[in-house]
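My notes follow the structure.

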Amino acid sequence: MPNLENLNTLQEFTQKENVRLVAVSKTKTVEDILEVYTAGQRDFGENKAQELINKAPQLPDDIQWHFIGHLQSNKVKFVVPHANWIHSVDRPKIARTISKEAQKAGKIVNCLLQIHIADEENKFGFEFKKLHAWLTLNEFKELEGINWCGVMGMATLTDDMQKVKNEFQTLSKYFSTLKKDFFSENNDFKEISMGMTGDYKEAVECGSTMVRIGSLIFGERNS
Ligand SMILES: *Cc1c(COP(=O)(O)O)cnc(C)c1O
């Protein structure tokens with residue numbers, strides 16, 4: 001069951017800090033999402049293509065859907081019609097596919113470049129140097145189905161909050177470098193998506209503009 005008190009506290013906090021709150025509804029039911037929607041929440045995040053495809057058509061049209069999970073090429077054409085945002089662009093090939101499918105669907109998707117900042121091997125994302133090298137080739141400018149809006153990252157899952165903060169600061173620096181080198185004329189390139197239930201306060205201290213919060217709003221997940 002959603003915890004509306006936590007939701008309210010988060011809404012007040014993010015409003016005060018001028019940060020967008022993305023309520024991560026993965027594994028949760030349409031009924032749960034509707035309850036959170038009714039409490040004023042409009043941005044929701046899903047990490048599996050199938051879940052987004054199932055739920056989005058059953059829910060109000062003014063929801064902004066954020067796709068935050070690892071995306072397989074063959075799922076892009078199903079995700080793009082529903083997603084307003086894709087936070088997890090982590091390789092050139094997926095960027096090309098998103099752009100192509102967005103053009104087919106007659107839309108432009110807001111995209112974030114996911115960058116690897118954690119020390120665990122199981123976290124996805126561009127290696128920063130490789131990303132910088134790819135952007136130098138300028139191909140990204142030709143991907144007309146994509147509106148480049150910023151970066152996304154996930155910190156290491158650890159109780160060592162100093163380590164988490166260091167990783168968030170690294171992502172902030174990466175953002176500034178990319179802004180300066182490639183996106184200085186793009187006013188939409190301003191987002192740093194970082195921070196989840198366990199580390200959102202640290203993320204906001206380090207410059208986050210979008211926090212992705214699941215358990216604190218919807219309760220613990222079983223799966
Ligand atoms: C599940 C998930 C979150 C939210 O996690 P919580 O710890 O429940 O807040 C945020 N970002 C991504 C990419 C996720 O997969």
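**Notes on the ligand site and the spaces**

1. By class, the shell around the ligand has 5 nonpolar, 3 polar and 3 charged residues. Ala, Val, Leu, Ile, Met, Phe, Trp, Tyr, Cys and Pro count as nonpolar, Asp, Glu, Lys and Arg as charged, and the others, Gly among them, as polar. The shell consists of Val24, Lys26, Ile68, Met154, Met196, Thr197, Arg212, Ile213, Gly214, Ser215 and Arg221; a residue belongs here if one of its heavy atoms lies within 4 Å of the ligand.

2. The model is predicted: local features need pLDDT of at least 70 and side-chain atom pairs pLDDT 80 or more, while totals for chains, interfaces and linings use all residues. Residues are numbered from 1 along each chain as its sequence is written, and side-chain values use heavy atoms, with hydrogens and water left out.

3. Which side chains have a polar atom 2.5 Å from a ligand oxygen? Thr197 has an N or O side-chain atom at 2.5 Å from an oxygen of the ligand, and a polar side-chain atom of Ser215 is likewise 2.5 Å from a ligand oxygen. For Arg221, the distance from a polar side-chain atom to an oxygen of the ligand is 2.8 Å. A polar contact here is a pair of N or O atoms within 3.5 Å. The protein buries 91% of the 390 Å² that the ligand exposes when taken alone (Shrake-Rupley method, 1.4 Å probe).

4. A pocket is an open set of points on a 1 Å grid over the protein atoms alone, with protein on both sides within 12 Å along at least five of seven lines; lining residues have an atom within 4 Å of a point. The volume of the largest pocket is about 680 Å³. Its lining has 29 residues, with Lys26, Lys123, Met154, Met196 and Arg212 nearest the centre. Helix H7 (161-182) and strand S8 (210-213) are the elements that give two or more residues to this lining. By class, the lining of the largest pocket divides into 11 nonpolar, 12 polar and 6 charged residues.

5. There is 1 cavity of 30 Å³ or more, a cavity being a set of points where a 1.4 Å probe fits but cannot get out. The largest cavity holds about 30 Å³ of space. Among the residues lining the largest cavity are His116, Lys123, Phe124 and Met154.

Key
A polar contact is a pair of N or O atoms within 3.5 Å; within protein, one must be able to donate a hydrogen and the other to accept it, and residues adjacent in sequence count only if both atoms are side-chain atoms. Grid points are joined across faces, edges and corners, and a volume is the space filled by probe spheres set on the points. Helices (H or I, at least four residues) and strands (E, at least two) are DSSP runs, numbered from the N terminus.
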